[in-house]
Amino acid sequence: MFSWLGSDDRRKKDPESYKFHEFHSPALEDADFDNKPMVLLVGQYSTGKTSFIRYLLEQDFPGMRIGPEPTTDSFIAVMHGDTEGVIPGNALVVDPKKPFRKLNAFGNAFLNRFVCAQLPNPVLESISVIDTPGILSGEKQRISRGYDFAAVLEWFAERVDRIILLFDAHKLDISDEFSDVIKALKNHEDKIRVVLNKADQIETQQLMRVYGALMWSLGKIVNTPEVIRVYIGSFWSHPLLIPDNRKLFEAEEQDLFKDIQSLPRNAALRKLNDLIKRARLAKVHAYIISALKKDMPSVFGKENKKKELIGSLGDIYKRIEREHQISPGDFPNLKKMQDQLQAQDLNKFQPLKPKLLEAVEDMLAHDIAGLMVLVRQEENQRPNPVVKGGAFDGTMDGPFGHGYGEGAGEGIDEADWVVARDKPAYDEIFYTLSPVNGKVTGANAKREMVKSKLPNTVLGKIWKLADIDKDGMLDDEEFALANHLIKVKLEGHELPSDLPAHLVPPSKRKIPE
C-alpha cells in the first residue's frame, strides 16, 4: 500500500521549523503507511473487549485474560505472525516494520504495559486489533497508571482506522476517566462506533430504556450533530440468555461486520485523509508560532509578555482566522495549546516562512488530487481486500447466514414452490382483472398493485422480477409471484436484485435465458 510514495527526499527533510511534532503528533514513518488497518477497542473494565477480540478470531491469543474485574492491564496489539508469541513493548518500539516506534515517548511505565500478541489467524491477515486496559470507575479511578492514559489513547486514535467504544448493558455509568478518554478522542468522531454489549442479558423493554440512556449519556460527552452509530448485541460465543431479540442481534452484528470488513478497502483513503488533516494543522500551527514570535520583545519583559500572549491566545486565533480565512475547526485545542506553550521559549520560535506555506498550499491544491488518482489505480490493481476468517465466515453462507429462509429467501429449501401456498387467494384477484388469453395487461395489474401503497420505484422493480418472460403482461403464476414479492416488501424485507431460483414458477424454470 502507498507504493507510489517511494523514497521521496521531501519526506526526509526536517520539518521542525515550527516544532510541530512537539506540540502535536510525531512524524509519520513508512510503517504508518505500510501496516494493515487497525481497530482500537476502548471501554470500561468487564465490558467484553477481550472477549470481543476472541469472538472475531474464534481462538485465544497470547496474553489474553478474561474476567469480571480489571484483568487486561496492558495495551495488547493483536497482529498477524507466522508463529504464536508475545513481543514486549521495549522491543516493539524499536522495530521499524511496526507502526509503534514513536510510543517510546511515553516511557517505561507505559512500555512495560504494552505488548504485541502475534498469531497466524486469517482475520489478522487483513486487520490488526488493539486491546486496551479497562477504564476504571469509582474508587479505582484514583489509582495512578504511571503514564498519561488519555494521551496514549489519543496517539492510537490518530493512527487507527476504527475506534469501537464498548458498553455493558448493565453498566452504563460513564466514569470520569471514561469521560476524559472520550474527550481525548475528539476530532476522530468519524472513526468511532459504539457497541452495546451483553444485550442478551436484559428483556426487550429494559433494552429500549438502556439504549435511550446510553444515547443520552453519549450526547452529553460527544459533541457532534450526528448521532453516533450504536450496534446492539452479545459479542461472545455463549448461548443467548434471553433469545427474544435474536433477529435484532443478527442484523446488528452483520452491519458491524460489514463496517469492519470495509476497512482494508478504505485504508489508503483514510491514511490520505489523515495526511491532509496533518497538513492543514501544520499550516495553522505555523501561523500561530510565527504570530507569537512576532509579538515577543527581543530584550526586556519577555516573561510578562509571554504570559500575556498565552492568556490572549484565543484572540490571536481569531486574528489569524480573519487574516488568512481559516476555518475555526482547523485550529488546535486552545487550552491544550496554552498548557504546552508554558514550557516553551517563545523567542526561539521561527518567523513566518512564506515558501514553506506555499508548498503546503500547493500540495493541498494539486498534489493531493494526483495522489487520489494513484490511490484509485492501486486499489483497482489489487484484489478486493475483505476481512475473512473467524467470525466473519461463520454467517456468510449456509442456513445460518443473515436472512436465510426469510423474506425473499423463504422456501429456499422446500421442494414445492413457496408462492403456491397463497396462490388461490391471488388467483381470485387475478380473474377479476379481465385476463385475455390467460394474461393481465400492465395497466390492469398496476391498478391492483398500487393498492399496496408501495412507491412506484419499488413496484417497478417487483414488476421486472415477476415478468419472467418479459412480454409486458402477467399470467396467473407471474401475478402470484408479484403479490408474493409485495408481501415480502411490506413485511420489511429487502427485494433481491435478481429473482432467486426457488421463486421462479415451476412452469417457467426451463425457459432458456
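Lys451 is exposed, with a relative accessibility of 58%. In this predicted model, Lys451 forms a salt bridge with Glu448, and the closest N and O atoms of the pair are 3.2 Å apart. Glu448, by contrast, counts as buried, because its relative accessibility is 16% and the cut-off for a buried residue is under 20%.

**Salt bridges in general**

- Side chains of opposite charge can pair when their charged atoms come close.
- The count of salt bridges in this model comes to 30.

**A pair within helix 10**

- Asp274 and Arg270 form a salt bridge in which the closest N and O atoms are 2.3 Å apart.
- Both residues of this pair, Asp274 and Arg270, are buried.
- Helix 10 covers residues 263–295, and Asp274 and Arg270 are four residues apart in this helix, so about one helical turn separates them.
- Asp274 and Arg270 also belong to one network with Asp161 and Lys191, joined by salt bridges that share partners.

**A pair between two helices**

- A salt bridge also joins the side chains of Lys283 and Glu361, with an N to O distance of 2.9 Å.
- This pair links distant parts of the chain, since Lys283 lies in helix 10 and Glu361 lies in helix 14, which covers residues 354–381.
- Lys283 and Glu361 are 78 residues apart.
- Lys283 has a relative accessible area of 14% and is therefore buried.
- Glu361 has a relative accessible area of 36% and is therefore partly exposed, as this class lies between the limits of 20% and 50%.

**A loop residue, Ser126**

- Ser126 is located in the loop that runs between strand 4 (114–119) and strand 5 (128–131).
- Ser126 counts as buried because its relative accessibility is 16%.
- When residues up to four places away in sequence are not counted, Ser126 touches Lys36, Pro37, Pro264, Val386, Val387 and Lys388.

**An annotated domain**

- UniProt lists residues 454–489 as "domain: EF-hand", and the entry is unreviewed.
- Over residues 454–489, the chain is 69% helix and 8% strand.

Methods. Residues are numbered from 1 along each chain as its sequence is written. This is a predicted model: local features need pLDDT of at least 70, side-chain atom pairs count only at pLDDT 80 or more; totals for chains, interfaces and linings use all residues. Side-chain values use heavy atoms; hydrogens and water are left out. UniProt positions are given in the numbering used here, feature names are shortened, and annotations may be inferred rather than shown by experiment. A salt bridge is a side-chain nitrogen of Lys or Arg within 4 Å of a carboxyl oxygen of Asp or Glu. Buried means under 20% relative accessible area, exposed over 50%, partly exposed in between (1.4 Å probe, protein chains only). Contact means heavy atoms within 4.5 Å.
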